[in-house]
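Open the model in your viewer and keep the selection tool ready.

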Amino acid sequence: MIKFGLRRTAFLLLGVSTLATYAVASEPVEVPQQPEFPAQGKAAYVPRDSIEEFKSLPEYKEPTWVTEKFVKTGKLPPLAERLPKEPLVFKAGNAPDGIGTYGDVMRHVIGGRPEGWNYSAGQTQGWGGIDIGMSECLTRTAPLFQIEAQDMEPLPNLAKSWSWSDDGKVLTMKLIEGAKWSDGDPYDSEDIMFYWQDNVLDPNVTPLNAASPETFGTGTTLKAIDAYTIEWTFSESFPRQHLYAMAYGTFCPGPSHILKTKHPKYNKDMTYDQYKNGWPADFMNMPVMGAWVPVAYRPDDIIVLRRNPYYWKVDEAGNQLPYLDELHYKLSTWADRDVQTIAGSADFSNLEQPENFVEALKRAADPNAPARLAFGPRVIGYNLYLNFSGNGWGEPDERGQALRELNRDLDFRKAVTMALDRKALGESLVKGPFTAIYPGGLSSATSFYDRASTMYYPFDLDGAKALLEKVGLKDTDGNGFVNFPADRHGGRDLEVVLLDNSDYTTDKSLAEGVIGQMEKLGIRVVLNALDGKQFDANRYAGRYDWMVMRNEAERASVVQDTPELAATGPRTSDHHRAPEGGQLDLMPFEQDLVETVNKFIASSDDTERAELMKQYQKIATTNLDTIGLTEYPGALIINKRFANIPVGAPIFMFNWAEDTIIRERVFVPEDKRADFELFKETLPGKPGVGEGPAS
C-alpha cells in the first residue's frame, strides 16, 4: 500500500493529467498476505481412497447389549445378516484417534422446530444436523475438505461406484447390495426411482433442499437397470458437477415402502398435502438409512435419536457404526446453542458469528472448561453484490435502472471497492487476526485458491472520489451526496437500496459498515433488512440494487454448485439473472467467466482445471464481479469428551460440520464417559405415532 501511495503522489507532483491519475489510482495489485492465525487448524490433504472403501471383512461386531438383548432373544437377525454384502469400511488411518468404542451421547441445541419426517416432500426436521444424521445420499461431499485438489470428486455412499460411457453422456451407478432401512426393509433401486420420479420430477412435490429436474441438468433422465444398478443419461458430456448434486441435500431418498402408502399416485384417497404431512414430528421410528433413528419427541423440549441396528457402515475392525448410541436435540434458540456448548450443557456447535469469538476463546482457555474451540480455515466470506441486470430482472423503476447502468460500469465498481476500508470492516466485527482482507472471487480456503491470481484495489478514498467524478457523479446541490448527471434520473441524489438478512448480527454489522463508508464517498445507501425468508424472496426475484450476503458453497468448494460461479444459465448467478421470458445481457468479462467455468466443468484434466480457476479468479477480481468485504474462520465448539474430530474441519464448506466431522465414527473414550443417555440399551421400535424405542 505504501508503494502504491508513493507512486500516485509522484505522478501528481509531476503534474500528470487527471486521466492519468485515474489510471494509476485504480490499478489492481496482488491481495495482501493474510495475517497469521495461530489458533487455526489446518487439514492434511489426502487421496480419496484413504478415507473409505467397500469390502467384506472376516467378522463383524456390535455393542454387547444389542447381541444379548436383541439378537439372542430373536428380536433381531445376527449382525452379518443385517449388513450388506460389502459394507462401507472407514479406514483407521484417516480417523484421527483410530478405532473407537461404543456408548455415550452427543447433545445438540437447535433453534429450529421439526415439521415432520418426510424429507422427500419438503418437511424440515428442525435443522442443526438432524436430517444429516438420518439421511444418506447417493454420494458424499462433506469430508472433501481434506481431499487433494487433483483427486477431487465426491465419495461413494449409497452409490458404491460409477462409470461413464465413452461419450460421457451415460453414467452407470452400482448401489450397495444388501443394505437395509432401519426397520429391516431392503434398500434398492425402487427407493431411488420413487424419489426421482415421484418427488423430484413430480411438480406437486418440492423436496426439502429444493431438488428439481434442473438440479441434475436440463433433459437428464434416470432409469433402473436392476435392483442395484441405475443409469443416468445427460444431454452434455461428462457433467461431473452433477455428482455433487447427488450428495446432501438434493439426492437423499426416503423409504419408498413407507412413503408410497400416502403418495397420491399410489393411493388415490390421498392428497399431496396429506402426503407431505403424513409423518408428523410425533411419528416415531421413521425408517432411515442414516446412523440414527428418531425415537422420542417432546414439543419445544427435545428430539432423541437412537442407533440404527441396520446401519451399513463399519470400521476396519468390523465394528458396526455408529459408536455413539444416542443423539439429543434440545429445542431452544440458535443463540443459545453457543452458550450451552461453551458452558458444557451441550456438546457441539458451529461458532460462526465473529462477534462471539473473543469471549468464546477466553472461556475455552480455562483449563477446566468443558469445551474446546477448533478453528478451521477462513472459509466464511462476505460479498457486496451489485445487481448487473440491465434489461429488467426485478422490474426496476427509473432510479433502479439508472443505478444498474452504473453497476455495470467498471470505473463505478472500482470507486465502490476503493472506498471500502476492509481492515476497519473486519475489526468492527472482532479485533485480532481473525478477519482478513477479501477482495471477492474464490475463498482463500479452497484448494483452488491462488493468491497471485487474486487482484485487489487498495483502499483509497480520494482515488474513489475521483473515479466517481470521472463517471459523471458530482455533488451538484451541496448536500454531501453525489447526484446523477442532469440527463439521468433528473439529476437527483444517487441513492442505493442495500438488501440484507436481518436474521444474523454479522450481516447487519457489515451492512451498516458499508453504509457508513459509502457515506464518506458521497453515496447515500438505504438499508432494506429483511428476515431470511423475505431476504431470499427478494434476492431470487432481483428486487435489490446492492446486496450483502455470505458466500455459498461454490466459492469455498469450487467443485460443488460450480455453474453458480458465473451466469452460466438464466438463473444460476446470485446477481445477474434473466428477466422472465428474456435473455441475459452479459458484459464481456461475464462472458469470459461463463466460458471459463464451462471449460472447467467439461475438463477432466486436473492441471487444466487448476489453471482455469486461476484465470477465473483473475477475471473475477480484476473486473469486480463481486466486491469482497471480509473473510474469517468459523470454529467448532466441541466437548472435550469426544475423539476422532478431524483437524481443520470447516464449519461449512461442502456441507455443515455435523457431516464434515463424520459423526458416525466420532466416539467417547471410556474414561471420559458421561451419564447422559435417556433410553439406555434400547433400539428403534415399530414406526408409528407415539411409538418410542424398543427395550
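This is a predicted model: local features need pLDDT of at least 70, side-chain atom pairs count only at pLDDT 80 or more; totals for chains, interfaces and linings use all residues.

Helix H13 passes helix H15 in a left-handed crossing. Select residues 410–418 for H13 and residues 461–470 for H15: the two pack at an angle of about 155°, and their axes are 8 Å apart. Since angles over 145 degrees count as roughly antiparallel, H13 is roughly antiparallel to H15.

Now show the side chains at this contact. On H13, select Asp411, Phe412, Lys414, Ala415 and Met418.

Next, go to the largest nonpolar core, which has 160 residues. Which of its members touch the most other members? They are Leu138 and Trp232. Centre the view on Leu138 and select what it touches, leaving out residues up to four places away in sequence: Pro156, Asn157, Leu158, Ala159, Met173, Leu175, Tyr187, Ile192, Ile230, Trp232, Met246 and Phe251. Another core, of eight residues, lies apart from this one; among its members are Tyr385, Leu530, Tyr544 and Met549.

Last, select Ser453, in the loop between strand E19 (436–437) and strand E20 (455–456). Is Ser453 buried or exposed? Its relative accessible area is 9%, so Ser453 is buried. To see what it meets, select Lys614, Gln617, Lys618 and Thr621, with which Ser453 is in contact when its neighbours within four places in sequence are left aside.

Conventions: Residues are numbered from 1 along each chain as its sequence is written. Side-chain values use heavy atoms; hydrogens and water are left out. A nonpolar core is a set of buried Ala, Val, Leu, Ile, Met, Phe, Trp, Tyr and Cys residues joined through side-chain atoms within 4.5 Å. Buried means under 20% relative accessible area, exposed over 50%, partly exposed in between (1.4 Å probe, protein chains only). Contact means heavy atoms within 4.5 Å. Axes are lines fitted to C-alpha atoms, for helices over the stretch in contact, and angles run from 0 to 180 degrees between N-to-C directions. Helices (H or I, at least four residues) and strands (E, at least two) are DSSP runs, numbered from the N terminus. Angles under 35 degrees count as roughly parallel, over 145 as roughly antiparallel, 65 to 115 as roughly perpendicular and the rest as oblique. A crossing is left-handed if the near helix is turned anticlockwise from the far one by less than a right angle, and right-handed if clockwise.
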